[in-house]
Each structure stands twice: as structure tokens, then as C-alpha cells.
Amino acid sequence: MTYATDRLHEEIAYVAYHFHWSMDDILNLEHHDRRRFTNEIASLVTRAGAEG
């Protein structure tokens, strides 16, 4: 099974935007690691928004 290209691009853009990592660095991550980073970023963004 292949991972949806659109979803992969969303993950890359999300991590690159928040962490300023290169596309190659993000693509070198295992899928589960990349998903974990996107989830952690989402938690940080949500928490920061709640704190105002």
C-alpha cells in the first residue's frame, strides 16, 4: 500500500513550516516518526492558541 501523495505533501509542508526542516530531512523520516511530529506540532499549536 502506498501513502497518499496529497497527505505526504501536507505532512512535509506542516513540519517544514513549523520546524524549518528541509524536504530531504523530512522525507528521510520513517512514516510513523513523521506522523508523530505532525501530531506533536498540532498539540503545540493547539496549546499555544488556548493560552492566547
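A quick note on what we have on screen, everyone. This is a predicted model, where local features need pLDDT of at least 70 and side-chain atom pairs count only at pLDDT 80 or more, while totals for chains, interfaces and linings use all residues. Residues are numbered from 1 along each chain as its sequence is written, and side-chain values use heavy atoms, with hydrogens and water left out.

Let's stay with Val 15 for a moment. Val 15 sits in helix α1; helices here are DSSP runs of H or I with at least four residues, strands are runs of E with at least two, and both are numbered from the N terminus. Which residues does Val 15 touch, leaving aside neighbours within four places in sequence? They are His 20, Trp 21, Ile 26, Phe 37, Thr 38 and Ile 41, where contact means heavy atoms within 4.5 Å. Looking back along the chain, the C-alpha atoms of Val 15 and Thr 5 are separated by 16 Å, and the two are 10 residues apart.

Thr 38 takes us across to helix α3. Thr 38 counts as buried, because its relative accessibility is 6%. Not counting residues up to four places away in sequence, Thr 38 touches Glu 11, Tyr 14 and Val 15.

Now to the two helices themselves. Helix α1 covers residues 5-19 and helix α3 covers residues 31-51; they pack at an angle of about 55°, with axes 10 Å apart. Those axes are lines fitted to C-alpha atoms, for helices over the stretch in contact, and angles run from 0 to 180 degrees between N-to-C directions. That angle makes α1 oblique to α3: under 35 degrees would be roughly parallel, over 145 roughly antiparallel, 65 to 115 roughly perpendicular, and the rest is oblique.

From α1, the residues in this contact are Arg 7, Leu 8, Glu 11, Tyr 14, Val 15, His 18 and Phe 19. On the α3 side they meet His 31, Arg 34, Arg 35, Phe 37, Thr 38, Ile 41, Ala 42 and Val 45.

Finally, the charged residues. How many salt bridges does a search of the whole structure find? It finds 4, a salt bridge being a side-chain nitrogen of Lys or Arg within 4 Å of a carboxyl oxygen of Asp or Glu.

Keep your eye on Glu 11, please. Glu 11 is buried, because its relative accessible area is 1%. Within α1, Glu 11 pairs with Arg 7 at 3.8 Å, N to O, and these two lie 4 residues apart, about one turn of the helix. Arg 7 counts as partly exposed, at 32% relative accessibility.

Glu 11 also forms a salt bridge with Arg 34, with the closest N and O atoms 2.8 Å apart. Glu 11 lies in α1 and Arg 34 in α3, so this pair ties together parts 23 residues apart in sequence. Both Glu 11 and Arg 34 are buried.

Arg 35 forms a salt bridge with Glu 11 too, at 3.2 Å between the closest N and O atoms. Arg 35 is in α3 and Glu 11 in α1, so here the parts tied together are 24 residues apart in sequence. Arg 35 counts as partly exposed, at 22% relative accessibility. Through shared partners, salt bridges join Arg 7, Glu 10, Glu 11, Arg 34 and Arg 35 into one network.

Conventions
Buried means under 20% relative accessible area, exposed over 50%, partly exposed in between (1.4 Å probe, protein chains only).
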